[in-house]
Amino acid sequence: MSARAVTVTLNPAIDQTVRLAHLHPGQVHRAHSSRDDAGGKGINVAACLADWGVPTTAMGVLGDGNDGVFSALFAERGIADACLRVAGRTRTNIKLVEEASGETTDINLPGLSLCDADLDAVSRRLDALLQPDQPVVLSGSLPSGLPADVWARLQAQASAAGARVLLDTSGDALAAALSGAQGALPYAIKPNRHELEAWTGTPLPDRSALRAAGQALVERGVALVAISMGADGALFIDRSGALVARPARLARGSTVGAGDAMVAGIAAALLEPSLDLTGCARLATAFSMSRLESGDARRLDPAQVRAWTGDVLIERLD
């Protein structure tokens, strides 16, 4: 079956989670456990979409020296693997979890350095998959060796084929993609408050300021802006108006991957033409809630999502 959704992750990572009783800098520790998981924002999105039952292709670049954890995830979830393999090893992000306090210390190692030839190879693979109205998720940071306008280039390529790009990135890569210099804007973006503040160059201290920033993007041609606001929910804006969506209950567990699950929920909503802004916000929020409950950045429960969609609290903004 052809892919109904595509995710692109140019700077994936293996998440190595190490659990220990207490973390004391400068001392020797004995870990209770360690596990490796395929990570990266687009990888998480692909896994959530696969759980929901959407045929999904994962694209990106992996080091051929340690790609086994990614191949295993793709095989387990039925995700089509279109990732380019290059010489080297995919970076590892080490997460030191202190069981006494629940605090996590992150140590992100440097990743692969890519070149224009690698990007060209990814672009050719993407070109072979593109379809009109298809959700194409471009997410995460960019690896060293590539310029800041890489997402903008792939965004223009996908848009020219009629696909709908969901962009989730930050910093210079976000600025380049929102500049329109490559002739296209993303269909949807999902920044958090800090990413949007960095892009605007101004503080956005309250919901009114966030809405104004999001509305300006919609007026420029971005069809949907979803701004995650942490415990305050998420602000969804399109040409029909604006609303805030909040979970009906506080979910347990780490927030790692909750934003990626929300992106997956938006992509899933795009595949259901009957859903309006409220329906999209409900589904995306329920995706995020189920990810939090699962305790796994790459897992959600479809039955749970369906049960919770109607419980999401919606506040329309006039």
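Predicted model: local features only at pLDDT ≥ 70, side-chain atom pairs only at ≥ 80, totals over all residues.
Stop 1: Select residues 41-52, which is helix α1, along with residues 68-77, helix α2. Their axes sit 10 Å apart, and the packing angle is about 20°. Angles under 35 degrees count as roughly parallel, so that's the label for α1 and α2. Turn the view a bit and check the crossing: α1 passes α2 in a left-handed one.

Now show side chains where the two helices touch. On α1, pick I43, A47, A50 and D51; on α2, pick F70, L73, F74 and R77. Colour them by type and you'll get six nonpolar residues, two charged and no polar.

**Stop 2: strand β7.** Jump to residues 92-98. Seven of the seven residues here are buried, so β7 is largely enclosed by the rest of the structure. Which residues point which way? T92, I94, L96 and E98 go to one side of β7, while N93, K95 and V97 go to the other.

Stop 3: For a landmark, find T17, which stands opposite K95 in β7.

**Last stop: the turn.** Follow the chain from β7 into β8 and you'll trace a hairpin, with five residues between the strands. Click on G102 in that turn: its phi is positive, about 80°.

Key:
Residues numbered from 1 in each chain as written. Heavy atoms only, no water. Axes fitted to C-alpha atoms, helices over the stretch in contact; angles between N-to-C directions. Helix = DSSP H or I, 4+ residues; strand = E, 2+ residues; numbered from the N terminus. Parallel < 35°, antiparallel > 145°, perpendicular 65-115°, else oblique. Left-handed = near helix turned anticlockwise from the far one by under 90°. Contact = heavy atoms within 4.5 Å. Nonpolar A, V, L, I, M, F, W, Y, C, P; charged D, E, K, R; others polar. Buried < 20%, exposed > 50% of the residue type's maximum accessible area, 1.4 Å probe, protein only. Pairing = 2+ DSSP bridges.
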